[in-house]
Amino acid sequence: MINFSLEGKVALVTGAAYGIGFAMAQALAEAGARIAFNCRSKEHLEKALADYAALGIQAKGYICDVTREDKVKAMIADIEKELGIIDILVNNAGIIKRIPMIEMSVEDFRQVVDIDLNAPFIVSKAVIPSMIKKGHGKIINICSMMSELGRETVSAYAAAKGGLKMLTRNIASEYGEYNIQCNGIGPGYIATPQTAPLREPQANGSRHPFDSFIISKTPAARWGVPEDLMGPVVFLASDASNFVNGHILYVDGGILAYIGKQPS
Ligand code: NAP
Ligand code: GCO
């Protein structure tokens, strides 16, 4: 019997106050996991707790900046006291800054890499020892199309997400013998606050050029929605994927397979 159940499991989803992280946490809860999540904003946290409760999910929320190792360790200690040892870690928290590379400040570049790459290292490093003791663990890193492709203005993000793909493979290599599976999910273009600037209608009411571009590059001919990530994250968090390790599962409507629609 294929086992997708997460009953009895504890899951931490970073940056899950809204967007993709919220949908993935909801999916893990619906599969039986107890949910912990974090973000930086008290306002976001309080709204998220209400949103989870409205779905019948008693999530535990924490204010924690994932780039701060001391705060991450304290949060994980609190989670272990309140919920138990973390069985499933989803490194989801992330930002993007869209600036032409030669105009981007070093500080901006460093901030994107700090949140999108260094933080998954920090949080994974903090949870792996307990996973080893427990005899199992699942780590799921949220990568991107930009783990494979570049485009104008996203140099820091692409560098970080490309690095996150290789960090995923290295954790899989180094800790697979402890029954820890580390995989990635690479969402395509998903309609969340992070991509809202790319979808804003033009002053004349026409679609944003990037919106039209993505539709032409996606065989599914639509933007993804956070709900499209729910099944993939349950699969990678469950025993159904115990022999899947070091894999990046692209959930992109086919973008990576497609040259793009010929202009009419
Ligand atoms: P989003 O809507 O901007 O949400 C990002 C979340 O991360 C928020 O909850 C934010 O909460 C939190 N966060 C940001 N920096 C943080 C930090 N330093 N410490 C703790 N929490 C932090 O983004 P999204 O679109 O849902 O994307 C989620 C993940 O998927 C990101 O890693 C993103 O790169 C990736 N992704 C997105 C897409 C897409 O098309 N949307 C596609 C591929 C990959 P606070 O601001 O309150 O901290
Ligand atoms: C961008 C977008 C992308 C998406 C996602 C695609 O500006 O190109 O924000 O980076 O967020 O990462 O997979």
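What volume does the second largest pocket have? The second largest pocket has a volume of about 190 Å³.

1. Basis. This is a predicted model, in which local features need pLDDT of at least 70 and side-chain atom pairs count only at pLDDT 80 or more, while totals for chains, interfaces and linings use all residues. Residues are numbered from 1 along each chain as its sequence is written, chains are lettered from A and ligands numbered from 1 in the order in which they are written, and side-chain values use heavy atoms, with hydrogens and water left out.

2. Second largest pocket. A pocket here is an open set of points on a 1 Å grid over the protein atoms alone, where a 1.4 Å probe fits, with protein on both sides within 12 Å along at least five of seven lines; lining residues have an atom within 4 Å of a point. A volume is the space filled by probe spheres set on the points, which are joined across faces, edges and corners. The lining of the second largest pocket consists of Met145, Met146, Leu149, Gly150, Arg151, Tyr189, Phe210, Phe213, Ile214, Lys217, Ile255 and Leu256. By class this lining has 9 nonpolar, 1 polar and 2 charged residues (Ala, Val, Leu, Ile, Met, Phe, Trp, Tyr, Cys and Pro count as nonpolar, Asp, Glu, Lys and Arg as charged, and the others, Gly among them, as polar).

3. Largest pocket. The largest pocket holds about 850 Å³ of space. Its lining has 40 residues, of which Asn92, Ala93, Gly94, Ile95 and Gln194 are the closest to the centre. Helix H1 (19-30), strand E2 (34-39) and helix H5 (155-175) each give at least two lining residues, and H1 has the largest share, with 3 residues. Helices (H or I, at least four residues) and strands (E, at least two) are DSSP runs numbered from the N terminus. The lining divides into 22 nonpolar, 13 polar and 5 charged residues.

4. Ligand 1. Ligand 1 sits in the largest pocket, in the sense that more than half of its atoms lie within 2 Å of the pocket's grid points. There are 30 residues around ligand 1, and Arg40, His44, Asn92, Tyr157 and Thr192 come nearest (a residue is near if one of its heavy atoms lies within 4 Å). The polar contacts (pairs of N or O atoms within 3.5 Å) include a backbone N or O atom of Ile20 at 2.9 Å from a ligand 1 oxygen atom. A polar side-chain atom of Asp65 is 3.1 Å from a nitrogen atom of ligand 1. The protein buries 95% of the 880 Å² that ligand 1 exposes when taken alone (Shrake-Rupley areas, 1.4 Å probe). The shell has 16 nonpolar, 11 polar and 3 charged residues.

5. Ligand 2. Ligand 2 also sits in the largest pocket. Arg98, Ser144, Arg151, Tyr157 and Gln194 come nearest among the 14 residues around ligand 2. Oxygen atoms of ligand 2 lie 2.6 Å from a polar side-chain atom of Arg98, 2.8 Å from a backbone N or O atom of Met145 and 2.8 Å from a polar side-chain atom of Tyr189. Of the 330 Å² of accessible area that ligand 2 has on its own, the protein covers 96%.

Note on methods:
A polar contact is a pair of N or O atoms within 3.5 Å; within protein, one must be able to donate a hydrogen and the other to accept it, and residues adjacent in sequence count only if both atoms are side-chain atoms.
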